[in-house]
Protein chains: 2
Amino acid sequence: MARIYNFSAGPAAIPKAVLEKAKYELLDFKGAGMSVMEISHRSREFTEVLERAEANLRTLMNIPDHYKVLFLQGGASSQFAMVPLNLFGKTKKADYINTGQWSKKAIAEAKRFGTVRVVASSDDKVFNYIPEINNGMFDPEADYVHITTNNTIYGTTFPEIPDTGKVPLVADMSSNILGQAYDVRKFGLIYAGAQKNIGPAGLTVVIIRENLAGKAMDITPVMFNYQIHIDNGSRYNTPPSFAVYMAGLVFEWLINLGGVKVIEKINREKAALLYDFLDNSKLFRATVSGPDRSIMNVPFILPSDELNEKFIREASEDGLKTLKGHRTVGGMRASIYNAMPREGVLALVEFMKKFELSNS
Amino acid sequence: MARIYNFSAGPAAIPKAVLEKAKYELLDFKGAGMSVMEISHRSREFTEVLERAEANLRTLMNIPDHYKVLFLQGGASSQFAMVPLNLFGKTKKADYINTGQWSKKAIAEAKRFGTVRVVASSDDKVFNYIPEINNGMFDPEADYVHITTNNTIYGTTFPEIPDTGKVPLVADMSSNILGQAYDVRKFGLIYAGAQKNIGPAGLTVVIIRENLAGKAMDITPVMFNYQIHIDNGSRYNTPPSFAVYMAGLVFEWLINLGGVKVIEKINREKAALLYDFLDNSKLFRATVSGPDRSIMNVPFILPSDELNEKFIREASEDGLKTLKGHRTVGGMRASIYNAMPREGVLALVEFMKKFELSNS
């Protein structure tokens with residue numbers, strides 16, 4: 001079958017050029033006569049892969065020198081425990097903003113290791129908005145404040161990053177890292193599962209301000225200790241080397257494209273195509289309105305479950321894949337991460353127009 | 001460059017046929033129009049990948065139904081903490097046998113969560129043998145006994161699996177799982193990093209007797225809790241899907257080859273070719289003797305550091321790659337896992353013969 005447009009929320013589309021390069025050198029990495037999967041993680045070749053990936057990520061996100069970049073395993077779900085285990089240094093208190101299922105899981109895990117206060121929540125409306133944040137709401141004694149910048153399931157994004165003063169801000173950026181520009185200096189720690197904008201699943205990127213590490217609780221497993229990974233340059237044990245290599249290819253692809261600001265502009269245009277259609281449609285409706293709308297995940301619904309199902313089925317037959325929404329929201333969701341070309345969004349909008357015509 | 005023979009200890013060689021299949025379908029997995037890396041881990045397609053991988057591993061290792069198979073992240077190093085965090089249920093006491101660097105790391109991590117007794121060790125001779133085990137040496141009150149079946153760095157293997165009676169035996173089988181046949185029933189829990197005999201780094205296989213799970217200590221992070229992964233069929237969060245897919249291809253390759261007993265026979269023949277040469281050489285010497293010799297990792301030395309270096313350099317020029325031994329043993333190490341064809345070992349032995357002739 002010809003390649004299709006894949007609107008999956010994650011694991012998600014990977015740039016075609018990246019897959020083609022990986023395919024080309026799958027059995028012979030740069031003349032080594034081996035696959036990159038077969039190369040020792042201590043070898044010169046892999047060291048270069050790792051160092052280049054880090055350097056390119058630093059360039060893309062403009063990461064200051066006093067932040068460390070880690071390539072880990074275990075997904076954001078492991079970070080839900082690693083963050084409190086490492087950052088509960090002084091008061092073992094943290095403020096969390098609850099903007100969806102992933103925030104909730106992060107909160108549940110942190111509660112097991114200290115005192116968690118949920119300072120704001122959008123739980124009352126199935127998380128279809130970002131609650132109002134007022135900078136005075138944060139506990140100045142807290143060890144950190146935690147947010148989820150983009151909420152994959154509900155299609156919301158913080159329109160502004162809260163100012164938490166001297167309290168470090170921790171962000172789960174899994175679903176919009178590299179999709180829009182952020183000032184890393186506003187954060188104490190950023191983490192992201194790779195499987196949306198970075199590469200294949202099985203890799204987690206952590207960007208941590210150096211002075212936040214080194215204070216892990218005694219009960220922290222070695223593999224959950226940021227300082228251990230900092231001291232060993234992400235090679236305390238064997239890293240997920242193929243996933244790091246793929247991430248490196250994605251970073252190069254993004255640099256060649258012009259970087260995060262360029263892709264953010266493209267992403268905003270892609271999202272606008274969809275939202276504009278949705279806002280003018282008499283049949284389709286976006287579930288999120290206003291400035292909290294995500295430019296990565298666009299959930300939308302039709303007037304009945306029958307129509308939702310019909311749409312998902314017919315779109316799939318037309319090569320527009322994985323548009324089913326999360327069960328808590330229902331309807332559809334188009335995830336339009338960096339690797340989704342403008343043509344894919346145009347094809348989706350065209351299909352929606354046709355669907356509206358024949359089902360009104 | 002033509003493909004070479006890769007004697008790396010891990011990440012290690014992957015069967016060429018497996019890499020070729022992965023390459024063939026890298027951009028279009030079974031007609032889905034997407035890479036297997038881009039497919040949702042909840043999709044029908046990936047469910048099939050995961051279920052088939054598990055079924056094939058069960059066939060290969062003859063895993064009884066009351067054992068669960070998990071595909072996790074974090075490597076054996078994460079298991080060093082997961083094992084005590086989950087198995088310290090009654091007395092928080094465990095007996096460990098210290099046969100090398102990985103045993104030592106497992107011991108250090110377990111000590112942080114309970115009482116560890118090292119019942120036998122080969123530390124006195126740079127771990128070049130397996131200490132004598134007598135079944136009476138184990139504490140019947142211990143929550144478990146831990147061994148490392150094959151010691152990658154030192155080239156030793158337990159010639160017999162200790163009988164620990166009613167105390168569950170836990171084995172780090174990272175470097176010889178699927179390379180030789182074991183009776184899973186002798187173990188309470190088996191774990192293995194993938195990057196030797198299973199597939200690419202970033203995947204950890206755990207085989208756990210059902211009744212050992214569900215008793216994790218309160219401080220156990222959710223992602224370190226076996227029961228969570230059992231309840232969610234290894235999909236509590238996004239699994240390392242490409243690594244699981246690759247492992248599945250390796251399992252299929254091994255089944256087509258005839259299974260573990262067949263490959264064990266081949267592995268024993270491969271190892272015998274090397275050991276026979278080493279035992280008859282006047283220049284080369286194996287660092288391990290007797291029944292403790294590993295059939296996966298064969299360390300050997302030459303009379304001087306200069307000769308070791310010369311050998312490694314010239315072998316590499318001849319396409320025999322990554323033969324440098326671990327710094328704690330020195331000299332050379334040939335890792336001849338399942339994916340190393342007999343031809344590779346023959347080529348190495350031929351090269352050693354020539355080297356001996358011209359350097360004696």
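How much area do chain B and chain A bury between them, and what percentage of it lies on carbon and sulfur atoms? In this predicted model, the two chains bury about 4800 Å² between them, 60% of it on carbon and sulfur atoms.

**Stop 1: the interface of chain B and chain A**

Select both chains and display the residues in contact: 62 residues of chain B meet 62 residues of chain A. A search for salt bridges between chain B and chain A returns zero, whereas 18 residue pairs are in polar contact, both residues at pLDDT 80 or more. Next, on the side of chain B that touches chain A, highlight α1 (16-24), α3 (75-87), α4 (101-111) and α6 (241-257) of chain B, each of which gives two or more residues to that side. The largest share, six residues, belongs to α1(B). Coloured by residue class, this side of chain B shows 31 nonpolar, 20 polar and 11 charged residues.

**Stop 2: the two domains of chain A**

Now select residues 30-257 of chain A as domain 1 and residues 259-359 as domain 2. Their centres, taken over C-alpha atoms, are separated by 27 Å. Contact between these domains involves 27 residues of domain 1 and 27 residues of domain 2. Between them, the domains of chain A bury about 2100 Å², with 55% of it on carbon and sulfur atoms. The count of salt bridges between the two domains is zero, while 11 residue pairs, both at pLDDT 80 or more, are in polar contact.

Finally, on the side of domain 1 of chain A that touches domain 2, select β6 (150-151), β7 (156-157) and α6 (241-257), each supplying at least two residues. Here α6(A) provides the largest share, four residues. This side of domain 1 divides into 13 nonpolar, 13 polar and one charged residue.

Methods
Residues are numbered from 1 along each chain as its sequence is written. Chains are lettered from A and ligands numbered from 1 in the order in which they are written. This is a predicted model: local features need pLDDT of at least 70, side-chain atom pairs count only at pLDDT 80 or more; totals for chains, interfaces and linings use all residues. Side-chain values use heavy atoms; hydrogens and water are left out. Domain bounds come from an automatic or database domain assignment. Contact means heavy atoms within 4.5 Å. Buried area is the accessible area (1.4 Å probe) that two parts lose on being put together, summed over both. A salt bridge is a side-chain nitrogen of Lys or Arg within 4 Å of a carboxyl oxygen of Asp or Glu. A polar contact is a pair of N or O atoms within 3.5 Å; within protein, one must be able to donate a hydrogen and the other to accept it, and residues adjacent in sequence count only if both atoms are side-chain atoms. Ala, Val, Leu, Ile, Met, Phe, Trp, Tyr, Cys and Pro count as nonpolar, Asp, Glu, Lys and Arg as charged, and the others, Gly among them, as polar.
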